[in-house]
Amino acid sequence: MPQTVSAKFKTRRDAEMAVEHIVQEHGIDRSAVTVGSASDANTAGTEAARADLEDGHLKSDNDGKPALAGKVKVSVQITDQDAEKVRSSFDSFGGAPS
């Protein structure tokens, strides 16, 4: 039976690494994976990763506010037999169940 397994990540980089692991190591189809904000705000996470830094400082949006506004959520539509593999990948990259 299909189900959705989701986790929230502090950085965009951690979310991307989890997705890469799920697709490459476990063979889950990339079209079954969605990545987005865990809240209504557009966000790159709650902690800076290398892609969020510019000259060692946090990049900001046009209003001068930090680009970080909340966690990044990854959801995967899977069968029951793949659920533990996906949860393991989430855990490996710091994902918190959502």
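Good morning. Of the 98 residues in this chain, 31% are buried, where buried means under 20% relative accessible area, exposed means over 50%, and partly exposed lies in between, with a 1.4 Å probe and protein chains only. The model is predicted, so local features need pLDDT of at least 70 and side-chain atom pairs count only at pLDDT 80 or more, while totals for chains, interfaces and linings use all residues. Residues are numbered from 1 along each chain as its sequence is written, and side-chain values use heavy atoms, with hydrogens and water left out.

I begin with the overall layout. The chain holds two helices and six strands; these are DSSP runs numbered from the N terminus, with helices being H or I of at least four residues and strands being E of at least two. Read from the N terminus, the order of elements is β-α-β-β-β-β-α-β. Of the contacts with a separation of 6 or more, 81% are between residues 24 or more positions apart, a contact being heavy atoms within 4.5 Å.

Next, the sheet. Four strands form an open sheet in the order β2-β5-β1-β6, with antiparallel pairing; two strands count as paired if DSSP finds at least two bridges between them. Its edge strands are β2 and β6 (96-97), each of which pairs on one side only. Strand β5 (residues 72-79) is joined to β1 by eight bridges, and Phe 9 has Val 72 as its bridge partner in β5. Five bridges connect β5 with β2 (residues 33-37), and here Val 35 is partnered by Val 74. Between β1 and β6 there are two bridges, with Pro 97 of β6 as the partner of Ala 7.

Both helices pack on this sheet. Helix α1 touches β1, β2 and β5, and its direction makes about 15° with that of β5. Helix α2 touches β1 and β5, at about 5° to the direction of β1. These angles run from 0 to 180 degrees between N-to-C directions, and the axes are lines fitted to C-alpha atoms, for helices over the stretch in contact.

What lies inside? The largest nonpolar core has 17 residues; such a core is a set of buried Ala, Val, Leu, Ile, Met, Phe, Trp, Tyr and Cys residues joined through side-chain atoms within 4.5 Å. Those with the most contacts inside this core are Phe 9, Ile 28, Val 74, Val 76, Ile 78, Val 86 and Phe 90. Two or more core residues come from each of β1, α1, β5 and α2 (83-92). Val 74 touches, among others, Phe 9, Val 19, Val 35 and Phe 90, not counting residues up to four places away in sequence.

Let us turn to α2. Its buried residues are Ala 83, Val 86, Ser 89 and Phe 90. On the face turned away from the buried side are the exposed residues Glu 84, Asp 91 and Ser 92. After α2 comes Gly 94, whose phi is positive, near 80°.

Thr 11 is buried, with a relative accessible area of 7%. A polar atom of its side chain lies 3.0 Å from the backbone nitrogen of Asp 14. Thank you.

Methods
A polar contact is a pair of N or O atoms within 3.5 Å; within protein, one must be able to donate a hydrogen and the other to accept it, and residues adjacent in sequence count only if both atoms are side-chain atoms.
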